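Dear colleague,

Please find below the structure that I am handing over to you, followed by a short account of what was found in it.

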Amino acid sequence: MSRNLYDLIGLAAAICFILALKGLSHPKTARRGNLIGAAGATIATLVVFFYGDKLPLANLPLIIGAIVIGLLIGVPAARKVQLTQMPQLVALFNGVGGGAAALVAIVEYLKLGEGAGDGGSALSSAVLIATIFTVVVGTTSFTGSIVTFLKLQELMTTRPVVFPGGRFVIAGNLVAVIGVAGWVISALGTSPLLILAALSLLFGVLFVLPVGGADVPIVISLLNAFTGLTVAASGYVLQATLLIIAGTLVGASGTILTRLMAEAIRIVADLYKDKILLKPMKYSHAYADILTFHDAPTVIEQKLFVMFLG
């Protein structure tokens, strides 16, 4: 397969992703959008088997075996999950995506390091920074998503988990992550990168533990945005344009969704507070009226609509 044909097929898959996001923006078209997105992902996966300098791909049986295992796990889980448990499933899938992107970045880092040691081209600063970003954000998203799953599934307490000096522990962990990232840039070794991954795994847990209650789905959306950015960065490392496009779309849409969810919850909280205190509610634009209790869903929809249109 020529490079031009590969790029055209990748462009078609990217268009499918964009149309999928458009379809998912409304309940009536959500099913169709989901199918379009699945078709784009299938195209993006299959085209890899027909493009490359060496065909068939190396380790092809292992790749096919991994795909089969993923299908045997993912399809039954997605078909049997109850609608009320959908956030848990999203958290798990999101965590797996972030962890996979981090593992791919680590493997590519080791591969490029071996090539440089054998007299090949040295690891560029841009690729190194993208690798570090992918490892840090991907591992953070992985463990953070696992914790959100445990909270929503009530396998651990759903309340915020706080402990004395917790904010200092989180800040210290973050400083350590930044410091070890600098160590990776200066030393270019395997050990610093693995230490960075371990500290990032810990940071993902500490990042989510203080969150509880209705804020957990918001964190899932935020971690989903993190995973999208991780995939985009890994696409830069692998020089895969399609990964960059798909990851950027997920990162941008996840960020917007996080903002809308946080704003909606704030509106509901203000509604209940103002109803109890008998105070008039203040909303942007034309929504400064005193509203009755049964108007709450309409208020939220109007507010989100105004925010979406800017």
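The structure, which is a predicted model, holds 3 aromatic pairs. One of them is formed by Y6 and Y51, which are stacked, at 4.1 Å centre to centre and with 15° between the planes. Y6 belongs to helix α1 (residues 3-23), whereas Y51 sits in the loop between α2 (30-47) and α3 (60-80), so this pair ties together parts that are 45 residues apart in sequence. With a relative accessibility of 25%, Y51 counts as partly exposed.

Another pair is that of F207 and F226. Their ring centres are 6.4 Å apart and their planes stand at 40°, so the pair is tilted. Because F207 lies in helix α7 (residues 190-208) and F226 in helix α8 (residues 216-238), the pair ties together parts that are 19 residues apart in sequence. F207 counts as partly exposed, at 29% relative accessibility, and F226 is likewise partly exposed, at 24%. Together with F203, these two residues form one aromatic cluster.

As to confidence, the protein averages a pLDDT of 80, and 83% of the residues score at least 70. Among its elements, α7 has the highest mean pLDDT (92), while helix α10 (residues 296-308) has the lowest (45). The pLDDT is below 50 over residues 275-310, a stretch that has 38 contacts in the model beyond near neighbours in sequence. Where pLDDT is low, the predicted coordinates should not be read in detail.

Yours sincerely

Definitions and conventions
Residues are numbered from 1 along each chain as its sequence is written. This is a predicted model: local features need pLDDT of at least 70, side-chain atom pairs count only at pLDDT 80 or more; totals for chains, interfaces and linings use all residues. Side-chain values use heavy atoms; hydrogens and water are left out. Rings of Phe, Tyr and Trp (its six-membered ring) pair if their centres lie within 6.5 Å; planes under 30 degrees apart count as stacked, over 60 as edge-to-face and the rest as tilted. Helices (H or I, at least four residues) and strands (E, at least two) are DSSP runs, numbered from the N terminus. Buried means under 20% relative accessible area, exposed over 50%, partly exposed in between (1.4 Å probe, protein chains only). pLDDT is the predictor's confidence in each residue, from 0 to 100. Contact means heavy atoms within 4.5 Å.
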